Number of protein chains: 2
Amino acid sequence: MTRIAIDPERLLADLDKLRTFGQCGTGVVRPAYAEAELAARGWLAERMREAGLEVAVDPVGNLFGLPPGDEASILIGSHSDSQPEGGWLDGAYGVIAGLEVARASLESGGPRIAVVSFQDEEGRFTTLTGSSVWAGQLALAEAQALTDDEGITLEKACRQPDGLPAPAEVAPERFSSFLEIHIEQGPVLDTAGERIGVVENIVGIRSERLRFTGEQNHAGTTPMHLRRDAVQGLVRYIAELNARFADIVTPATVWTVGHVAVHPNASSIVPGQVDFTVQWRDAETARLDRMTEIVRDTASEIAASMGLDLERSGYATIAPTHCDPILVERMAEAAEAVAPGTWRRMPSGALHDAANASYRMPMAMLFVPSKRGISHSFEEDTDRGDLVLGVEVLARAAAGL
Amino acid sequence: MTRIAIDPERLLADLDKLRTFGQCGTGVVRPAYAEAELAARGWLAERMREAGLEVAVDPVGNLFGLPPGDEASILIGSHSDSQPEGGWLDGAYGVIAGLEVARASLESGGPRIAVVSFQDEEGRFTTLTGSSVWAGQLALAEAQALTDDEGITLEKACRQPDGLPAPAEVAPERFSSFLEIHIEQGPVLDTAGERIGVVENIVGIRSERLRFTGEQNHAGTTPMHLRRDAVQGLVRYIAELNARFADIVTPATVWTVGHVAVHPNASSIVPGQVDFTVQWRDAETARLDRMTEIVRDTASEIAASMGLDLERSGYATIAPTHCDPILVERMAEAAEAVAPGTWRRMPSGALHDAANASYRMPMAMLFVPSKRGISHSFEEDTDRGDLVLGVEVLARAAAGL
């Protein structure tokens, strides 16, 4: 096995450089940041060329750096667009890591490695837009017609800096496997004092909006036993949901009531209506199904017992993704070799482009810790030693494929 | 005992007439409704004169109709201002009832009875403004400086139609007792199929704003055991509060969580903060005190057990008011005579001007049913037979004083 000797200084310098363009992303171009965004993308393409890779752009705007020759290569990447107030590592780390491993492998005579920066992962148009189109999960024409909050279509926003080739298909069949390294965006590794997470699966997500409608009334003149209080319904519902979920979940299962809207929302009025969302995530479809039943049955029972009307809407579902078991073992071996005793196997609670890639090829992922679990914030950060360590694990795993 | 023979037709016609001015009230004058409000107030003063009463206005704008002579009289009244989208009976019923009983008593040679329409009961400036000043609970200058939502002072808004006397003190010492009849504004009588409520006390009100602050986090990547979820704190708190209150309340005690604001209130984010109000009402100060302890102790315990920070603010308290026991018995005797078996003794869950009057003289109140408990709504209504019956009970009780 040829060792792929990455250059830590180069990796960190590239990450720092990308940051200087202003966290505004390198994909779809917003009018207000057009200059910075085109410059960032142009710089990234130039770094791919300097690494000995051939730059390609596909019709939805995914940016590839391909090794010379035609044989199938390993693809490593992530996204380099960002949330409006996002941090410097969410996505960008995986792209720069892929660039450095591809460069170092070419230099070391290791396996053929390509890099990709997927378009619009963060959802200006829809979540994981670029990898969805590339993997055949979303039709190109459909994606191009999507609009952002300002009504701009993806087609219009998808511009390239001077010097890039004309967009052309980059078929998934060119690649033998997909690897992604990403910050955890959660507190598990940081809390445990561990440095590497070997991802076994990406959890599925279900969510539903619920509405309890009771009767709005005077908070002084309406006796408790004649009330149909929507907030009391919400309280009893969530308490019961917690109790019923407790019987079937694993420590990795999560559920959240993150949005609550009370009407009329005045301290002297018995609340007549509450709208809220329940979202639940787990790696197993059977468990997600069972949770859906519990969400619905419990809502019907509580509503009936409290004289409330129940409406459900907006049921949404994203299937869980399992990483390739062989690749997971390679990642685990590399983690144990490079960071013995300070890594763990874990699920990814967040969605990633890797989930789309897995429709077309074997896929695996690595995590590095997020300080205090913070992401989607300017405070997002990871120890520089951990950033380097993660890419060393990635390079070692790639070298053995 | 001289019978006071009220004229049901006249009572109902006056109520209907007051309604034609547009539910905009007869007190403090809003620029947009100036003509209608001054006309309504002018009409009310004229009806007092036609009933043989002398019209008086005090400095805060309470409108009195006084019987001839100087001896102490019974005062009957309520308010004739209204909520912006309020109904036709809330307040107006008690004023027109007082007018009719005063008129009929004068005609029948019964006791001396005066009528009052208190200024700004509904709280354009502050709740029960007119009766608070009259009863010495609020300084006139302080009241006059109060502003409404548009920044208009009460002093400026307090205008009188042509033909009214100059404002002058109308001392509480002129009156021997205060009686008020009002719609219940709740569902108790209507649900029970009863026609008269003899009020024994007006409940005290306490309220407090609470804030639980946890940690805002990603709803996918933050395991349940590492969350500090403010909405889960709210749920556990209200459930525990319900359980602890259950041990100490009476069927007439009420408590309400009517206002809830979640931050950042997004379905994919573990909520980091929730602000909410708890309001509780009861007729006994000792029970209100015990409930305050429970509200606070439970909040501290739940916050500590869930790793949340707790802030409390805006504690507000309005003391309970007990009706005069002798007057309550007179009201009860009259109710049993006029509406045998279809009345009950009950607390008032809403505040009324009568609470202020009780600081200066013996006070009692009557309720008539509100259809489906609805008030502060255009749908507010009471059966006309019940409106007449209520005033018959009132007149009979007054005749015996």
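**View 1. B:T277, a buried residue of chain B.** In this predicted model, B:T277 is buried because 21 other C-beta atoms lie within 10 Å. (A residue is buried if 20 or more other C-beta atoms lie within 10 Å of its own, exposed if 12 or fewer, and partly exposed in between; C-beta atoms are placed from the backbone.) You will find B:T277 in strand β12 (residues 273-282) of chain B. Helices (H or I, at least four residues) and strands (E, at least two) are DSSP runs, numbered from the N terminus. Leaving aside neighbours within four places in sequence, B:T277 is in contact with A:S267, B:S207, B:R209, B:V257, B:G258 and B:H259. Contact here is defined by C-beta atoms, placed from the backbone, that lie within 7 Å. B:G258 is 19 residues away from B:T277 in sequence, and their C-alpha atoms are 6.6 Å apart in space.

Before the next view, a word on the model and its labels. Because this is a predicted model, local features need pLDDT of at least 70 and side-chain atom pairs count only at pLDDT 80 or more, while totals for chains, interfaces and linings use all residues. Residues are numbered from 1 along each chain as its sequence is written, and chains are lettered from A and ligands numbered from 1 in the order in which they are written.

**View 2. The contact between chain A and chain B.** Each side is made of 44 residues, 44 from chain A and 44 from chain B. On the side of chain A that touches chain B, α8(A) gives the largest share, 4 residues. By class, that side of chain A has 22 nonpolar, 20 polar and 2 charged residues. (Ala, Val, Leu, Ile, Met, Phe, Trp, Tyr, Cys and Pro count as nonpolar, Asp, Glu, Lys and Arg as charged, and the others, Gly among them, as polar.)

**View 3. Helix α8 of chain A against helix α8 of chain B.** The two helices, with α8 of chain B spanning residues 230-246, pack at an angle of about 110°, and their axes are 9 Å apart. That makes α8(A) roughly perpendicular to α8(B). Angles under 35 degrees count as roughly parallel, over 145 as roughly antiparallel, 65 to 115 as roughly perpendicular and the rest as oblique. Axes are lines fitted to C-alpha atoms, for helices over the stretch in contact, and angles run from 0 to 180 degrees between N-to-C directions. Look for A:V235, A:I238 and A:A239 on one helix and B:V235, B:I238 and B:A239 on the other, as these make the contact. The contact of α8(A) with α8(B) has 6 nonpolar, no polar and no charged residues.

View 4. In chain A, a cis peptide bond with omega of about 0° joins A:H263 and A:P264. A:P264 sits in the loop between β10 and β11 of chain A. In chain B, B:H263 and B:P264 are likewise joined by a cis peptide bond, with omega of about 0°.

View 5. A:D120 is not a glycine, yet has a positive phi of about 45°. Its place is the loop between β4 (113-118) and α4 (129-134) of chain A, and with 29 C-beta neighbours inside 10 Å A:D120 counts as buried. B:H376, also a residue other than glycine, has a positive phi near 50°. B:H376 lies in the loop between β16 (363-368) and α12 (384-399) of chain B and is partly exposed, with 19 other C-beta atoms within 10 Å.

Definitions and conventions: Contact = placed C-beta atoms within 7 Å.
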